[in-house]
Amino acid sequence: MFFRDIVGQERVIGFLRQALKHDQMPHALLFLGNAGVGRGSTAQALAQALNCEDRQADQDACGRCRSCRWFAGGGHPDFWQIGPEGEGAHPPIKIEQIRVLRRQVSFSPLAGSWRVVLLKPAESLNEEAANALLKTLEEPPEGNVFILTAVGERDLLPTIVSRCRRLTFGAIPQAVLIRELQQRRGLSPEQASLVAAINYGSLGQALEEDLEDLLARRNKAVSELEMLHRGSITEVLHWAEQGKKAVGLDRLVLLGRLWYRDLLALASGASPGQVVNQDCLEELARQQPQVTVPVILARLEALTRLQRQVRANLNVELALNNFSFQWRGEGLVPV
Ligand SMILES: [Zn+2]
């Protein structure tokens with residue numbers, strides 16, 4: 001992994017290149033940002049650059065030396081990754097793991113000049129483990145760089161945060177996502193536009209998206225939303241009853257929002273090139289004259305409200321009932 005492979009994070013990479021150039025690498029870094037924005041890849045690129053025996057003028061690794069060949073082969077003995085271990089939905093990083101780490105980092109790096117320890121995600125450190133790690137961060141042994149990743153600082157001990165140099169990874173711009181999806185996955189511009197929009201800002205997630213599944217879900221979402229304002233009350237209630245058991249409701253809402261944003265864009269005079277659902281221009285053009293802008297705005301609001309309620313784990317069937325009546329412009333069901 002090289003700095004030049006990291007897309008959309010110029011500020012962070014610029015900082016790391018400068019720190020390498022002036023030999024001022026902080027001993028502890030905190031990479032903040034959402035999943036899929038490049039935190040893990042950047043940690044690996046930094047580890048490779050730090051250990052490269054022939055680092056380039058731009059501070060990127062050479063790709064040819066012994067150390068770079070180790071990285072290319074799948075692992076370098078001085079790049080360690082520590083993550084949650086154990087059963088269950090959210091196992092923690094345990095104190096035993098940190099105790100072992102503390103013993104091991106007191107020895108010199110095995111092969112390279114620098115050992116890089118990636119703790120990902122730092123939110124998984126339980127309190128005991130975080131306190132044990134704190135001791136190491138307070139007196140970091142020479143030759144080690146600790147990198148912690150987290151979505152935000154809120155779930156971390158303030159004492160841990162204050163020991164680290166914070167670097168924030170922003171959302172990757174849509175245009176960059178679309179370009180990368182075309183290059184790396186061979187998607188058409190139309191396909192890339194939808195995949196980028198549904199995985200807002202996250203290259204990692206966008207690259208893993210199952211396109212066929214996404215298109216099927218989108219088509220299902222569009223036809224269900226159309227049924228809601230054309231169907232009978234019985235059909236609507238049946239939909240809400242079924243919907244409470246459905247998986248991926250959050251995604252249905254997101255796809256619905258993208259669809260109605262497209263209708264709004266077309267109603268506001270945007271060019272067809274600006275819509276997300278590029279493969280459905282004909283269907284969008286058919287639907288657009290049937291809805292006024294106030295109706296589109298009301299439906300977008302209904303979708304946003306439903307999304308909030310689903311995420312807050314409220315009574316899903318009631319939320320779906322209310323949503324469907326709001327969608328039809330028939331007011332809310334009394335609670
Ligand atoms: Zn090298």
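A quick note before we start: the model is predicted, so local features need pLDDT of at least 70 and side-chain atom pairs count only at pLDDT 80 or more, while totals for chains, interfaces and linings use all residues. Residues are numbered from 1 along each chain as its sequence is written.

Seven residues of domain 2 are in contact with eight of domain 3; contact here is C-beta atoms, placed from the backbone, lying within 7 Å.

Now for β4, residues 144–150. Strands are DSSP runs of E with at least two residues, and helices are runs of H or I with at least four, numbered from the N terminus. Seven of the seven residues in β4 are buried, meaning 20 or more other C-beta atoms, placed from the backbone, lie within 10 Å of a residue's own. One side carries Asn-144, Phe-146, Leu-148 and Ala-150, the other Val-145, Ile-147 and Thr-149, and both are covered.

| Strand | Residues | Direction relative to β4 | Bridges to β4 |
|---|---|---|---|
| β1 | 28–32 | parallel | five |
| β3 | 115–119 | parallel | five |

Within these pairings, Leu-30 has Leu-148 of β4 as its bridge partner, and Leu-118 has Ile-147 of β4.

Definitions and conventions:
Two residues are in contact if their C-beta atoms, placed from the backbone, lie within 7 Å. A residue is buried if 20 or more other C-beta atoms lie within 10 Å of its own, exposed if 12 or fewer, and partly exposed in between; C-beta atoms are placed from the backbone. Two strands pair if DSSP finds at least two bridges between them.
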